[in-house]
Amino acid sequence: VCAAPTTWPGKISVSLSHNCKDIASYQYTVQAIRSPQIISLKPTLGPVQGGISISISGIYFDSFSVCCFERSCNPITFLTSSFLNCLSVPSSPGSIQVFINTSNIISNSFLFVAFVEPQIVNVIPTLGIPSTALHVTLTGNEFQESRTSVCKFGCCTSLVAKILSSSQAICSIPPLASGEYAVEYTNDGIHFSQSGFLFMILKPPYLTSVSPTFSFTSQSVMVSMIG
């Protein structure tokens, strides 16, 4: 066993000697490489079933690198020596150390959080009139507080949710036209629940006339309203 000295990256000739003078007749060439380093990981959380694309930036990546989630590794899509993509692996819920392995040289690690995808079991209320204070309370499971905890109304409108607990969240409703909107939630900003719950925005009532417009305090009067 020989300890390799500090050297520059590149191909190095290796030979064997017993007395530092007589060199063995055979030589080998080895490749010296820099240790890869991770600078950022995005996204930093995803569902436990894996399969989501993760973008990793850093230095000293190469096409021989693999992306490892603790003991499970996936091939990479090599972009440059500073950028690569890989797919997350199936795992149990919780934090996972992610690192790059380049020819058995291990990088520093970043944390990736695997979660069970959230489910909504109830939405209260289910209808309302447009208002700046209008909001709904979601009841369900696996809600997690993060900057990517988002509620969605319909196909494209989303707002950051206020997480009360793992089973309850509050979502403010943005200005929307009257109609029905599917209410969904996500922990990572990508994978939304598929609850099927609907929230209905009602048109505000508009009153055009009231008859009669006055009465005596001693009388009960039927009032007709048109709108």
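This is a predicted model: local features need pLDDT of at least 70, side-chain atom pairs count only at pLDDT 80 or more; totals for chains, interfaces and linings use all residues.
Buried means under 20% relative accessible area. Cysteine 171 has 1% relative accessibility, so cysteine 171 counts as buried.

Cysteine 171 forms a disulfide with cysteine 151. The two sulfur atoms are 1.6 Å apart. The angle about the S-S bond is -40 degrees, and the link is left-handed. Cysteine 151 sits in strand β15 (residues 150–153), while cysteine 171 sits in strand β18. The pair links distant parts of the chain, 20 residues apart. Cysteine 151 has a relative accessibility of 0%, so cysteine 151 is buried. Cysteine 155 reads another way: at 70% relative accessible area, cysteine 155 is exposed.

In total the structure holds three disulfides. Take cysteine 67 and cysteine 86 next. A disulfide joins them, with an S to S distance of 2.4 Å. Cysteine 67 belongs to strand β6 (residues 66–69) and cysteine 86 to strand β8 (residues 83–87), so this pair ties together parts 19 residues apart in sequence. Cysteine 67 is buried at 0% relative accessibility. Cysteine 86 is buried with a relative accessible area of 4%.

The remaining link joins cysteine 68 to cysteine 73. Their sulfur atoms lie 2.0 Å apart. Here the angle about the S-S bond is 100 degrees, and the link is right-handed. Cysteine 68 counts as buried at 1% relative accessibility. Cysteine 73 is partly exposed, with a relative accessible area of 41%. How does the pairing run when the bonded cysteines of the protein are numbered in sequence order? The pattern is 1-4, 2-3, 5-6.

Now turn to the strands. Strand β18 belongs to an open sheet of four strands, in the order β12-β14-β18-β17, with antiparallel pairing. Which strands are at the edges of this sheet? They are β12 (119–124) and β17 (162–165), and each pairs on one side only. Neighbouring strands of the sheet are turned by 25 degrees against each other on average, direction ignored. Inside the sheet, strand β14 (residues 135–141) pairs with strand β18 (residues 168–172). Five bridges join these two strands in the antiparallel sense. Threonine 139 stands opposite glutamine 168 in β18.

In a regular strand the side chains alternate between the two faces of the sheet. Keep that in mind when stepping along a strand.

Strand β9 (residues 94–102) has several partners, β6 among them. β6 and β9 pair in the antiparallel sense over four bridges. In β9, valine 98 is the bridge partner of phenylalanine 69. β9 is also joined to strand β11 (residues 110–115) by five bridges, and these strands run antiparallel. Within that pairing, glutamine 97 has leucine 111 in β11 as its bridge partner. β9 pairs with strand β10 (residues 105–106) too, in the antiparallel sense and over two bridges. There, asparagine 101 has isoleucine 106 in β10 as its bridge partner. β9 and β10 form a hairpin with two residues between them. Serine 103 in the turn has a positive phi of about 55 degrees.

The largest nonpolar core has 19 residues. Those with the most contacts inside it are Val136, Leu138, Phe153, Ile173 and Tyr185. Which strands each supply at least two residues of this core? They are β12, β14, β15, β18, β19 (179–186) and β20 (198–201). β19 gives the largest share, three residues.

Valine 136 shows how these parts meet. Leaving aside neighbours within four places in sequence, valine 136 is in contact with Val123, Ile124, Pro125, Phe153, Ala169, Ile170, Cys171, Ile173 and Phe199. Cys171, the residue we began with, is in that list.

A second, separate core has 18 residues. Ile38, Ile52, Val98 and Phe112 are included in it.

Methods:
Residues are numbered from 1 along each chain as its sequence is written. Side-chain values use heavy atoms; hydrogens and water are left out. Two strands pair if DSSP finds at least two bridges between them. Axes are lines fitted to C-alpha atoms, for helices over the stretch in contact, and angles run from 0 to 180 degrees between N-to-C directions. A disulfide is a pair of cysteine sulfur atoms within 2.5 Å. Buried means under 20% relative accessible area, exposed over 50%, partly exposed in between (1.4 Å probe, protein chains only). A nonpolar core is a set of buried Ala, Val, Leu, Ile, Met, Phe, Trp, Tyr and Cys residues joined through side-chain atoms within 4.5 Å. Contact means heavy atoms within 4.5 Å.
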